[in-house]
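Subject: Structure handover

Hi,

Here is the structure I promised to pass on to you. Have a look at it first, and then read on for what turned up in it.

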Amino acid sequence: MITQLLKTQLALGLFVLTCMGEVRAAEPAFAGDILPIFQQNCVSCHISGDELGNLGLAPSLAYAQLVDRVSEQSPLARVAPGQPEQSYLLHKLRGSHLDQGGSGGRMPLGFPALPDAQIELIAAWIAAGAPDN
């Protein structure tokens with residue numbers, strides 16, 4: 001009986017650890033998941049914040065220039081923590097920015113749209129509260 005109880009507790013413990021790992025994996029990290037997308041696709045045009053849109057995405061600037069900052073092209077915040085659909089960044093990436101009172105073209109301008117998986121990763125990060133992690 002003790003052996004069966006021990007096996008059950010061990011199995012339950014492994015299940016809990018597995019579930020915790022899946023929850024952590026579901027929350028994108030800004031530094032490890034989101035910033036690399038910007039570095040690969042956006043920073044060539046949005047470096048210092050002096051460029052069109054006044055948005056700098058260099059690693060030392062990106063978080064502060066995105067989160068809780070009102071867009072200069074729309075009444076929406078660039079990134080509204082916990083509110084992906086109220087985040088202008090997502091609309092610019094999806095191409096729905098004009099419907100939000102925005103202007104200009106879909107981002108990244110002059111390049112193919114980001115893959116849906118990357119856009120959804122950014123949306124998941126925003127939905128998780130846009131943590132600086």
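Below, two residues are in contact when they have heavy atoms within 4.5 Å of each other. Please keep in mind that this is a predicted model.

Let's start with a pair of helices. In general, two packed helices are described by the angle between their axes and the distance between the axes. Here, H2 and H5 (residues 116–127) pack at an angle of about 135°, and their axes are 11 Å apart. The crossing of H2 past H5 is left-handed.

Which residues meet there? From H2 come Phe30, Asp33, Ile34, Ile37, Phe38, Gln40 and Asn41, and from H5 come Gln118, Leu121, Ile122 and Trp125. By type, this contact has seven nonpolar residues, three polar and one charged.

Next, the largest pocket. Its volume is about 480 Å³, and 26 residues line it. Nearest its centre lie His46, Leu52, Leu55, Lys92 and Met107. H2 (30–41) and H4 (88–94) each supply at least two residues of this lining, and the largest share, four residues, comes from H4. The lining of the largest pocket is made up of 14 nonpolar, eight polar and four charged residues.

Finally, two details of the backbone. Most residues other than glycine have a negative phi, and most peptide bonds are trans. Asn54, in the loop between H2 and H3 (62–66), has a positive phi, near 50°. The peptide bond from Met107 to Pro108 is cis, its omega being near 0°. Pro108 is in the loop between H4 and H5, while Met107 is one of the residues nearest the centre of the largest pocket.

Note on methods
Residues are numbered from 1 along each chain as its sequence is written. This is a predicted model: local features need pLDDT of at least 70, side-chain atom pairs count only at pLDDT 80 or more; totals for chains, interfaces and linings use all residues. Side-chain values use heavy atoms; hydrogens and water are left out. On a 1 Å grid over the protein atoms alone, a cavity is a set of points where a 1.4 Å probe fits but cannot get out, and a pocket is an open set with protein on both sides within 12 Å along at least five of seven lines; lining residues have an atom within 4 Å of a point. Grid points are joined across faces, edges and corners, and a volume is the space filled by probe spheres set on the points. Ala, Val, Leu, Ile, Met, Phe, Trp, Tyr, Cys and Pro count as nonpolar, Asp, Glu, Lys and Arg as charged, and the others, Gly among them, as polar. Axes are lines fitted to C-alpha atoms, for helices over the stretch in contact, and angles run from 0 to 180 degrees between N-to-C directions. A crossing is left-handed if the near helix is turned anticlockwise from the far one by less than a right angle, and right-handed if clockwise.
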